[in-house]
Amino acid sequence: MRVVFEGMLVFVALLLIPCSQCQHQDSASAGIFSQAAQASLDREFSSRTISYLLMDNFGSVLAERWPAGIYPELPSASPTVPSSEAIAPGSLVKPFLAIAYGEQQGSRFPIVRCTGTSSHCWFPAGHGSLGLEGAITQSCNTYFLELAAGLDRRRAAQTFARYGLAGPDPEAPGEALIGLGRGWKENPIALARAYLQLEKEKQHPVQKRILNGMLGSAERGTARGVDAVLGRDVALAKTGTAACSHNPAGAADGFTIALYPAVEPRLLLLVRVHDATGAASAKVAGAMLLSLGANSR
């Protein structure tokens with residue numbers, strides 16, 4: 001592997017190696033990439049409002065900055081802590097709700113009409129009639145509330161556990177199943193690895209539809225900030241907007257999870273931006289991937 005520093009970009013030859021060869025890269029090369037990625041991200045994205053977790057496609061952590069929740073009082077030189085705190089990631093849980101629903105309904109999904117505020121969606125004007133792919137792309141609350149209403153929560157808990165997820169609190173209201181409120185919290189590393197598992201199951205019909213929705217999200221949906229930076233159809237992405245976990249709290253915490261490249265991903269990036277929406281965090285995620293050489297061919 002060759003790492004080349006050119007201006008503000010880190011071009012990483014690892015991204016050009018066919019995925020089937022990735023597991024054969026020696027530990028020294030992986031260590032060089034990890035160190036370069038950590039240095040680049042810390043230098044170019046030094047703001048304390050940004051937390052991130054970078055993984056390879058095997059779930060190994062390559063770079064990480066995930067500070068504790070007390071934000072403004074932390075001096076800039078304070079050490080970070082491992083991303084082990086449980087967080088409420090907002091709509092990032094929606095794909096796993098969809099998988100649980102699909103398992104219980106024979107992979108059949110409804111067409112749901114979203115009328116906006118009147119149907120409890122975040123988008124006031126409404127998304128209109130949506131199937132699963134469109135609901136993932138637009139992160140439509142109305143659609144996923146419909147799925148949650150028809151879910152056997154005991155069986156769903158078994159599905160979540162299979163992905164290494166804690167799942168929502170059993171006593172949490174149904175809205176927690178779509179990521180509203182604080183009733184569903186996950187360890188960031190566990191959540192990231194769940195997405196890696198989802199991508200590896202792309203041969204299954206439901207998972208394939210979800211991944212198509214994530215491709216659409218990066219192109220024209222809530223995560224379109226990713227493609228706006230990297231170019232069309234180069235990443236899979238999903239956003240989430242959650243109640244802020246910092247003290248003092250901001251309006252929200254914005255999350256984006258992005259897998260790059262879209263075909264046979266070799267990197268996963270999870271980003272949290274304080275006092276921002278998920279859509280705003282997608283722009284940051286795209287810029288971070290670009291700084292690592294994404295779409296540099």
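The legends below describe close-up views of a predicted model.

Residues are numbered from 1 along each chain as its sequence is written, and side-chain values use heavy atoms, with hydrogens and water left out. Because the model is predicted, local features need pLDDT of at least 70 and side-chain atom pairs count only at pLDDT 80 or more, whereas totals for chains, interfaces and linings use all residues.

**View 1. Confidence along the chain.** The protein averages a pLDDT of 87, and 84% of the residues score at least 70, where pLDDT is the predictor's confidence in each residue, from 0 to 100. Residues 1–22 stay under 50, and for this stretch the model has 54 contacts beyond four places in sequence, a contact being heavy atoms within 4.5 Å. Residues 70–81 also have pLDDT below 50, with 22 contacts in the model beyond near neighbours in sequence. Where pLDDT is low, the predicted coordinates should not be read in detail.

View 2. Helices (H or I, at least four residues) and strands (E, at least two) are DSSP runs, numbered from the N terminus. Helix α3, residues 94–104, is mostly covered, ten of its eleven residues being buried; buried means under 20% relative accessible area, exposed over 50% and partly exposed in between, with a 1.4 Å probe and protein chains only. The buried residues of α3 include K94, P95, F96, L97 and Y101, as well as Q104. Among the elements that cover the buried residues of α3 are the helices α4 (132–138), α5 (141–149) and α6 (153–162), together with β7 (236–242). After α3 comes G106, whose phi is positive, near 60°.

View 3. In strand β3 (residues 50–56), seven of seven residues are buried. I50, Y52, L54 and D56 point one way from the strand, while S51, L53 and M55 point the other way. Two strands pair if DSSP finds at least two bridges between them. Seven bridges join β3 to strand β9 (residues 267–274), the two running antiparallel, and the bridge partner of M55 in β9 is L268. Four bridges join β3 to strand β4 (residues 61–65), again in an antiparallel arrangement, and here L53 stands opposite E64. The β3–β4 hairpin has four residues between the strands, and within this hairpin G59 takes a positive phi near 90°.

**View 4. The crossing of α7 and α8.** The axes of α7 and α8 come within 9 Å and cross at roughly 115°; axes are lines fitted to C-alpha atoms, for helices over the stretch in contact, and angles run from 0 to 180 degrees between N-to-C directions. That makes α7 roughly perpendicular to α8, since angles under 35 degrees count as roughly parallel, over 145 as roughly antiparallel, 65 to 115 as roughly perpendicular and the rest as oblique. Y195, L198 and E199 of α7 make the contact with Q207, I210, L211 and M214 of α8.

**View 5. T137 in helix α4.** T137 is found in helix α4 and, at 3% relative accessibility, counts as buried. Leaving aside residues up to four places away in sequence, T137 touches G213, G216, S217, R220, G221 and T222.

View 6. With a disulfide taken as a pair of cysteine sulfur atoms within 2.5 Å, the count comes to zero disulfides. C140 is in no disulfide, and the nearest cysteine sulfur, that of C114, is 3.7 Å away. C140 is buried, with a relative accessible area of 1%, and C244, at 5% relative accessibility, counts as buried.
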